[in-house]
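Here is a short briefing on helix packing, a pocket and a disulfide. Please look over the sequence and the structure before reading on.

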Amino acid sequence: MATREDPVPEPKKAAPPPEAPVLEPEKAVPPPEALAAEPEKEAPPPETKAAEHAPPPDYLVVADVVLRVVLFAAAVTSVVVMVTSNQTELVTLPLPPFLRVPRPAKFSHSPAFIYFVVALSVAGLYSIITAAVSFLALLKSGRPAKLLAHFVIFDVLILGIVASATGAAGGVAYIGLKGNSHVGWNKVCNVYDKFCQQIGASVAISLVASIVLVLLVILSAYSLSKKIPQ
């Protein structure tokens, strides 16, 4: 009797291994040390900030300094021209034997001219001192109202002194140039021509100094008015 052979079972196919999930590469995060190592923007130096916020120069103070320097130059020039106005000429004596003798002409022979020299010297000294004060105020924030008030007072005082000296010297110079027939004062500029020319030039320069002082009074008063709160 024939035996039936059992069928041989087919080997099972191995299942494919599961596919590994594809991982996306993570973004690299820089370490905190790298973040801290980034260079910071440099702050501008304090000098630059101070220069940017520096106040503009006060042009009234600049004009004040310039006018006071001009006043100093005019006063010194006027004094030098007056002091050096010496001249000696031969003058005929009005009495017999009518000799011709040398006679000098100096500014010290007239009290008006002496007063003129003193007044212009004081104005020159005052102008150089106040010019230095104004220049220091220009370097700082500005001139306070109290300083401006003092400037107005003393500028008016020096203006009165210089104007009176100019008028006194000019009156004497006019007598020397034209004379006065009503009181018998003879003119002398036809003899002392150089002396009279220097006297006239000195008086003219002092007139310029007086005009500068008028401008200074107006400028100081205007600067003081700007300090008054509206």
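Is the crossing of H3 and H6 left-handed or right-handed? The crossing of H3 and H6 is left-handed; the term applies if the near helix is turned anticlockwise from the far one by less than a right angle, and right-handed applies if clockwise. This is a predicted model, where local features need pLDDT of at least 70, side-chain atom pairs count only at pLDDT 80 or more, and totals for chains, interfaces and linings use all residues. Residues are numbered from 1 along each chain as its sequence is written, and side-chain values use heavy atoms, with hydrogens and water left out.

**Helix packing**

- Helices (H or I, at least four residues) and strands (E, at least two) are DSSP runs, numbered from the N terminus.
- Helix H3 spans residues 59-83, and its axis comes within 9 Å of that of H6, crossing at roughly 160°.
- Axes here are lines fitted to C-alpha atoms, for helices over the stretch in contact, and angles run from 0 to 180 degrees between N-to-C directions.
- H3 and H6 are therefore roughly antiparallel to each other (over 145 degrees; under 35 is roughly parallel, 65 to 115 roughly perpendicular, the rest oblique).
- The contact of H3 with H6 holds 18 nonpolar, 7 polar and 3 charged residues.
- Nonpolar means Ala, Val, Leu, Ile, Met, Phe, Trp, Tyr, Cys and Pro; charged means Asp, Glu, Lys and Arg; the others, Gly among them, are polar.
- H5 and H6 pack at about 160°, with axes 8 Å apart.
- H5 and H6 are therefore roughly antiparallel to each other, and their crossing is left-handed.
- In the contact of H5 with H6, 21 residues are nonpolar, 6 polar and 2 charged.
- Helix H4 (residues 111-139) meets H5 with axes within 9 Å, at roughly 155°.
- H4 and H5 are therefore roughly antiparallel to each other, with a left-handed crossing.
- The contact of H4 with H5 has 21 nonpolar, 4 polar and 1 charged residues.

**Largest pocket**

- The largest pocket has a volume of about 590 Å³.
- A pocket is an open set of points on a 1 Å grid over the protein atoms alone, where a 1.4 Å probe fits, with protein on both sides within 12 Å along at least five of seven lines.
- Lining residues have an atom within 4 Å of a point.
- Of the 26 lining residues, Gly176, Asn186, Val188, Tyr192 and Phe195 are the closest to the pocket centre.
- Strand E1 (87-92), strand E2 (100-105), helix H5 (145-178) and helix H6 (193-227) each give two or more residues to the lining.
- H5 gives the most, with 6 residues.
- The lining has 18 nonpolar, 6 polar and 2 charged residues.

**Disulfide**

- The count comes to 1 disulfide, defined as a pair of cysteine sulfur atoms within 2.5 Å.
- Cys189 is joined to Cys196, S to S 2.0 Å.
- The torsion about the S-S bond of Cys189 and Cys196 is about -90°, so this disulfide is left-handed.

Notes:
Grid points are joined across faces, edges and corners, and a volume is the space filled by probe spheres set on the points.
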